[in-house]
Amino acid sequence: MKLIKLTSDNTQQPGSRREELLNGLNRVQREAAAVTEGPLLILAGAGSGKTRVLTYRIAYLIELGVAPHNILALTFTNKAAREMKERIGFLVGEEQSRRLWAGTFHSVFARILRREGEHLGYTSAFSIYDTDDTLGIIRTAMNSLVISQQQYAPQAVRSRISSAKNQMVSWQEFQRNADNIFDKQAGLIYQEYEKRLKLNNAMDFDDLLLNMIRLFEHKPDILDAYQERFRYMLVDEYQDTNRAQYTVVSMLAAKYRNLCVVGDDAQSIYRWRGADIRNILDFQRDYPDTKVVRLEQNYRSTKTILAAANSVIDNNRQQLRKELWTANDDGDLVQVLKCRDDREEAETIAKLVVDEQVHHGRKLSDFAVLYRTNAQSQALEDALRRRNITYAIVGGVSFYKRKEVKDTLAYLRLVVNPSDGESFMRVVNEPTRGLGKTSLEALARFADAQGISLYAAAQRAEQIAGLQKRAQNAAHTFAEFIGRFIAVLGQIPPDELARTLIDASGLLRMYQEEGTDEALDRWNNIQRVLSHITEYTAREENASLEVYLQDIALTEDAENSDEARNHVTLMTLHAAKGLEFPVVFIAGMENGLFPLGKADTDPEEMEEERRLFYVGITRAEQKIFLSYAERRYRFGELSFPMPSRFLGEIDKKLVQQFGGTAPAAPPATGVGRVVKQPFTATRPASPRGSQSVMFDDIPKEEYHSQIEEEPMLRRGMVVRHEMFGEGKVLSVSGRGANAKAIIQFPGVGQKHLMLKYAKVTIVSMS
DNA sequence: CTCAAGTCTCCGAAC
DNA sequence: GAGACTTGAG
């Protein structure tokens, strides 16, 4: 207990750096930072300076003489880890903070498994499969087991398996406990899935946790080494850890027991990902000598915002009572915006951003727009773009999910990890190399039978009976092509290898030759990946493709070096956790959307949605706007939702309806008059579908879909589209509700539009 | 085998 | 309304 001694000594030395450090904290925060030994539970309400405590605590440990590499800080996002390191660097010097272990569970463990994975039968170049990749494995597994994908949705199977893995249920155990047909089938697929992942030398996200546990169980000496290494551990967002995460942390902390966890049960929003709120509720039972510190003063929000958040969360039954208070001003009332439709909602938000900028001198970076589903971002983006407001989307449909980017990375992955069958299948015929479905099936059968990888099978293509001579050659040539790069891996710089490989693959040429604007876009994206690798190579001392690929597999936002830039931030409510903004908008406050429809039948879901709303409100420092639309397009169809029940849960005294109807959208910036002749494909005049009935109360000009006359589009016509502007019709196909047109929009490219949905007006007839 | 058209799913949040 | 997957003609 030498360190505790040091602590108390220190407080009696005014002017020492340790002392100064703690002066930046209030009394309770100081306690949380200075109790360095033994288990510590910090219950930290929203905006109570939790991050500040964590960073000061780590800095304090370092000042006490603890080596930075003996400290492990696990955060929920990579961004949070980066920020924490940066702030600690500020306090104790960058030299020190760089050696700290800080990151997400997944990234820290991937790093360890890269080093230790061979004990479990993986090479250091193992691939990390994201959710999309694993779906491919599920499908392959189902095919080989002859299980119908119509009957059992691969998505459902995947999420069933993942949640089992989250709770550390092995396939053997899963099969034993399967008591319905779905689980019985899922159990078989689970087993096959695990086999195939291993064969691919690949791990899914859950494996990054499970394999740590397996490693520690089978190799006590390795566990001991890491217990020695991580003598001090901190876990942020502890309320959102799942069973597997809980177990790894327990194992690592078992020896020194210097475990500090921070959390807030009111902000638990990842139940669907296996988060187990019991982990925080039971912490004191697991560690009876736990010291508990409550941070209950909020420094972030106005009294009004805090009261609104509290009145909402009061509706939850399963909640620890907590008294969060603030010394801040009352501030403005919560503003509720009623909008006619999702488009007007977006326009109103964009307009309010401008207003607040002009009248209250705010920067764009003061604003965040939050929503429940990623699909909502589009309308918001359009509106912001129309007003030339720069914005950044956090997460969402990621750059890394794009086909051409995945293809590029798959080429690299295959070279790094030739066992990776998913990557092989992705790129073997992209661009086309004359290896179609039939040939690849034969190749896969051969690989399966021999128990070898697809790449190895391709090397021996001549031996595959039932494969055409031409296909044999094509497969062999491809294997040789990849082999040439495997041979030089590690000998030439990563960026050079990547560039040469992608160049020689023909991927770039393929898009170049296609020549459409969309292809050009894809070409550009590939170039962006390659430059990113070049940057990485220049930045890192020991740059390697393995490490690069594993790192980006775990980050959604790898390339935002522009964090300091001035822009409005758009993101889901989930992504907003841990962040704060002077002005916050929450869009789509409608039943069925937020809370989502599923919550109606499941009280626990409802409580989680409510916690999510609580998280959303408490992001705001000064002002919050809640908006809802009376009509919204979902699934390309119009719906008529009711205002969210959550709006009614906010104390009435704190709410104000925002003034009147919002102004209409600014006029389109086109040249000349648009012929006001909304186009739609004909529908039979009768019988009228239910959809037509729904439209009866809508003013004619507003919606295209209810108009029945037929100004049929023809080749050569010039039309106007809401988003793409004016364009020329290249061709029209199909008829009635299925009519489609290919239209060339200058500066946008060719678009294939379903005329049933697309809002197109005719500008000129020839 | 390839390409284009047709059909189906997604829109529930992410390491 | 986009994207992934399937189907059918050449």
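Guide: Let us begin with burial: a residue is called buried under 20% relative accessible area, exposed over 50% and partly exposed in between, using a 1.4 Å probe and protein chains only. This is a predicted model, in which local features need pLDDT of at least 70 and side-chain atom pairs count only at pLDDT 80 or more, while totals for chains, interfaces and linings use all residues. Residues are numbered from 1 along each chain as its sequence is written, chains are lettered from A and ligands numbered from 1 in the order in which they are written, and side-chain values use heavy atoms, with hydrogens and water left out.

Visitor: Is Asn211 buried or exposed, then?

Guide: Asn211 has a relative accessibility of 1%, and therefore counts as buried. Asn211 belongs to helix 12, where helices are DSSP runs of H or I with at least four residues, and strands are runs of E with at least two, both numbered from the N terminus. Leaving aside residues up to four places away in sequence, Asn211 touches Leu113, Leu120, Tyr122 and Met203, contact meaning heavy atoms within 4.5 Å.

Visitor: Which residues of helix 13 are buried?

Guide: In helix 13 (residues 220-229), the buried residues are Ile222, Leu223, Tyr226 and Gln227. They span an arc of only 140° around the axis, so they lie on the same side of helix 13; the arc is taken from the directions from the helix axis to the C-beta atoms. Their cover includes helix 7 (105-116), helix 12 (205-218) and helix 14 (243-253).

Visitor: How should I describe two helices that pack together?

Guide: Two packed helices are described by the angle between their axes and the distance between the axes. Here the axes of helix 9 (residues 154-166) and helix 11 (residues 181-199) come within 10 Å and cross at roughly 75°, which means that helix 9 and helix 11 are roughly perpendicular to each other, a label for angles of 65 to 115 degrees.

Visitor: Where is Met168, and what does its phi look like?

Guide: Met168 sits in the loop between helix 9 and helix 10 (171-177), and has a positive phi of about 60° although it is not a glycine. Asn201, in the loop between helix 11 and strand 5 (202-204), likewise has a positive phi, near 55°. Met168 is partly exposed at 31% relative accessible area, whereas Asn201, at 5% relative accessibility, counts as buried.

Technical notes. Axes are lines fitted to C-alpha atoms, for helices over the stretch in contact, and angles run from 0 to 180 degrees between N-to-C directions. Angles under 35 degrees count as roughly parallel, over 145 as roughly antiparallel, 65 to 115 as roughly perpendicular and the rest as oblique.
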